[in-house]
Amino acid sequence: MTYVANSLIERAAHVAAVAARHADSVDREGRFPHEARRALADARLFGAMIPKEHGGEGAALSDIAEICCQLAQACASTGMIYAMHQIKASSLIEHGAGAPWHEDFMRRVATEQLLLGSATTEGGIGGDLRNSICAVVTEGERFTLEKNATVISYGADADAILVTARRALEAASSDQVMVVLRKQDYTLEKTSGWDTLGMRGTCSDGYLLKSAGATAQVLPQPFAEIAAQSMLAMAHLLWSSLWFGIASSAFGKAQAFVRAEARRAPGKTPPGALRLAEAGEKLQVMRSTILDGLRRYEEAKAGGDDLGSMSFVLAMNNVKTAASQTMIEVVNLCLMICGIAGYKNDTPFSLGRELRDALSAPIMINNDRILSNSATLLLAHRVEQRLAV
Amino acid sequence: MNETLRRILAQHGKLAVDAASLGETDDLYAAGLTSFATVQLMLAIEDAFDIEIPDRLLNRRTFASLAALESCVAGLVGEKEPA
């Protein structure tokens, strides 16, 4: 509670220090970062984005992005868990306002510092979150819902899960809703594990989810709108922000390595310095791209038609594919710079964890899927040819 | 125009329901319209009416219902007519 008086960013820095201490064990053991989660709750950061009238702090997206970035510099899994929580929180905030059940639940998220998980992928769908097989089965004011969720990140440690499903048994596969399930509403039966190359602390196991609840728990707007108006943009922007954290962590190590070399041989520019310049250029492109995306989202939210337009979807798609790809390039360059010291797992310049974590980025909502979506949109949309905004 | 739009919708909309049974204001997204189908729909409409749908109209609202599509197309066809 002592941190509450401090700014969001100061509190995030404290949590990042905790996350950094445990990052290697989280990665090595593929375990959930319990220490960082406790620190996030103590720092009251889970409810940060929830509006003040519902018990939160009404933080701006740019602040949440900065927190993701700081956390990921210390522990990418912690950054990803926090980002995914906030993406779910945004669905509640943007689409639950006005619905008494959801407003009450938002207040609980803020006061009890609940961690929100997500079950959007399903066996038999092939990663396309805009289609569901499972359906909400309603009887009077109650429903039941069963989902073969092939991935629920930190499912075992979440306090609530937001689940997508078809609106009803007779609904089309794309006619989906999103349901908020509290821990007491569901059971999880583990169906697959999460022994992965990187992002090992997100513990994204697969589960058979069985749930029952009140129909008031279903978000009033169709999931199509939730996905289009907040979820996809939030995911692309917050993921990119934490990826920037990974890239800048790697860059920091590479820069320290080059400086150490320069000190050893004064008057000579070390061989890695040129690569560092190249990595610095990419880092700047990445940062500008993300900041521009954040600005565009805030502007679109403030008014106008932009959120539902093709050009907005394309812009967010481009932020995601560009940031994920550029991050990998930066980390690879840093590995070249640090050489064997970067390749080894036990030096101050070790880059194994950054590289393995980075490789998850083009796969999370596969870049090829996003590019083919953009390819379709470009059959219609004409790209901006002016430089002026 | 309504007939043509319904025909295009049946051909390119990939809807879960029969396009002929759609009400004027029925939500096309609820009927299963995806963003991919939206683009196919747009190309077919541009071809059929010899118009270009400008970027400012390429949003969810334009494709939300038959009525919305009709008013979009009517506006663009109107602009084309010599004054």
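Visitor: What makes strand E3 and strand E7 of chain A a pair?

Guide: Two strands pair if DSSP finds at least two bridges between them, and strand E3 (residues 142-149) and strand E7 (residues 206-214) of chain A are joined in the antiparallel sense over eight bridges, so by that definition they count as paired. Strands here are DSSP runs of E with at least two residues, helices are runs of H or I with at least four, and both are numbered from the N terminus. This is a predicted model, in which local features need pLDDT of at least 70 and side-chain atom pairs count only at pLDDT 80 or more, while totals for chains, interfaces and linings use all residues. Residues are numbered from 1 along each chain as its sequence is written, chains are lettered from A and ligands numbered from 1 in the order in which they are written, and side-chain values use heavy atoms, with hydrogens and water left out.

Visitor: Which residues of E7(A) stand opposite Leu145(A) and Asn148(A)?

Guide: Leu145(A) faces Ser211(A), and Asn148(A) has Leu208(A) as its bridge partner. Ser211(A) is also the bridge partner of Tyr186(A), and E6(A) and E7(A) run antiparallel, joined by six bridges.

Visitor: Why is one side of strand E2 and of strand E6 left without a neighbour in the sheet?

Guide: The open sheet of chain A has four strands in the order E2-E3-E7-E6, with antiparallel pairing. Strand E2 (137-139) and strand E6 (186-192) of chain A stand at the edges and have a single partner strand each, so one side of each has no neighbour in the sheet.

Visitor: What makes the pair Arg382(A) and Asp55(B) a salt bridge?

Guide: A salt bridge needs a side-chain nitrogen of Lys or Arg within 4 Å of a carboxyl oxygen of Asp or Glu. For Arg382(A) and Asp55(B) the closest N and O atoms are 3.6 Å apart, so the pair meets the definition. Between chain A and chain B the count is three salt bridges. Helix H6 (223-264) and helix H11 (367-377) of chain A are the elements that give two or more residues to the side of chain A that touches chain B.

Visitor: How many residues does each chain bring to the contact?

Guide: With contact meaning heavy atoms within 4.5 Å, chain A brings 17 residues and chain B brings 18 residues.
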